[in-house]
Amino acid sequence: MPVDRDVRLQEWERRAQPYLFIASLLFLTSYTIRVLNPDLSPAWYALWETVTIVSWAVFVAEYLARLAFSHDRWHFVRTRWLDLIVTVLPLLRPLRMIDLHERMQLRRAVPGLALEARVMTYSGLAALLLGFAASLAVYHDERSAPHANIHTFGDAVWWACSTLTTTGYGDATPVTARGRVIAVGLMFVGVALVGAVVGSFSSYLMRRFRQEGER
């Protein structure tokens, strides 16, 4: 029955969250170590590469399990498109916080101060994690590319910060094809996440001023 499937799906998602969180930490840690320490011994490199692959396999298996529990699989794919994207591209997993924002927004018709604070916190954290992941990916591709001007991880972090905030100084720019694709994605997502933080903070201030004026 559809109701039973929905209940099983919700129960599965609830129980899987801690394991997904651990797998996300392991994936990001293993990828970070392999990118920032290219002189790893073959044994250590193979170990961390295995951790990356296994944690990625956990994401895929969890998504397929939720797909199997769903009574309408096509509807699940269409409505959970963000889950599919972050499963295929695990470095984008911070974007799942956007789905969390949407669920929190639906809990109340009029957002309260606590809700706005949570939106700011999750949006800011998602922006930081996404910027860090983008810095790693761009540094991995750019550090050995001809004519590249991103030579260190610090250069990549500086580039990610200027891109996320839409400042775009232009002193550090990707030259590889994949690096530029990452840059375009970070531009669009950065505008959304930073806009969510600024918008929520502005709404919070307006609400506080209104409350003070009504006293």
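Predicted model: local features only at pLDDT ≥ 70, side-chain atom pairs only at ≥ 80, totals over all residues.

Q: What makes the link between the side chains of D141 and H140 a polar contact?
A: The two side chains of D141 and H140 are 3.4 Å apart at this contact. A polar contact requires a pair of N or O atoms within 3.5 Å; within protein, one must be able to donate a hydrogen and the other to accept it, and residues adjacent in sequence count only if both atoms are side-chain atoms.
Residues are numbered from 1 along each chain as its sequence is written, and side-chain values use heavy atoms, with hydrogens and water left out.

Q: Which residues is D141 in contact with, leaving aside its neighbours within four places in sequence?
A: D141 is in contact with T176, R178, G179 and I182, where contact means heavy atoms within 4.5 Å.

Q: How many helices and strands does the protein chain have?
A: The chain has 8 helices and 0 strands. Helices (H or I, at least four residues) and strands (E, at least two) are DSSP runs, numbered from the N terminus. D141 belongs to helix α6, and T32 to helix α1.

Q: What makes F27 and W56 an aromatic pair, and which kind of pair is it?
A: Rings of Phe, Tyr and Trp (its six-membered ring) pair if their centres lie within 6.5 Å; planes under 30 degrees apart count as stacked, over 60 as edge-to-face and the rest as tilted. By this rule there are 7 aromatic pairs. For F27 and W56 the centres are 6.3 Å apart and the planes stand at 80 degrees, which gives an edge-to-face pair. The pair joins distant parts of the chain, for F27 lies in helix α1 (residues 2-36) and W56 in helix α2 (residues 42-69), 29 residues apart. F27 is buried because its relative accessibility is 6%, whereas W56, at 34%, is partly exposed.

Q: How do you know that the charged end of R143 sits over the ring of Y139?
A: A charge sits over a ring if NZ of Lys or CZ of Arg is within 6 Å of the ring centre and within 35 degrees of the ring normal. The charged end of R143 is 5.0 Å from the centre of the Y139 ring and is classed as sitting over that ring.

Q: What makes the buried residues of helix α4 lie on the same side?
A: In helix α4 (residues 81-88), the residues L82, D83, V86 and T87 are buried. Their arc around the axis is only 135 degrees, which places them on the same side of α4. The arc is that of the directions from the helix axis to the C-beta atoms.

Q: What makes a set of residues a nonpolar core, and how many residues has the largest one?
A: A nonpolar core is a set of buried Ala, Val, Leu, Ile, Met, Phe, Trp, Tyr and Cys residues joined through side-chain atoms within 4.5 Å. The largest one has 24 residues, and W159 and L186 are among those with the most contacts inside it. Helix α6 gives the largest share, 8 residues. In soluble globular proteins, nonpolar side chains tend to be buried together.

Notes. Buried < 20%, exposed > 50% of the residue type's maximum accessible area, 1.4 Å probe, protein only.
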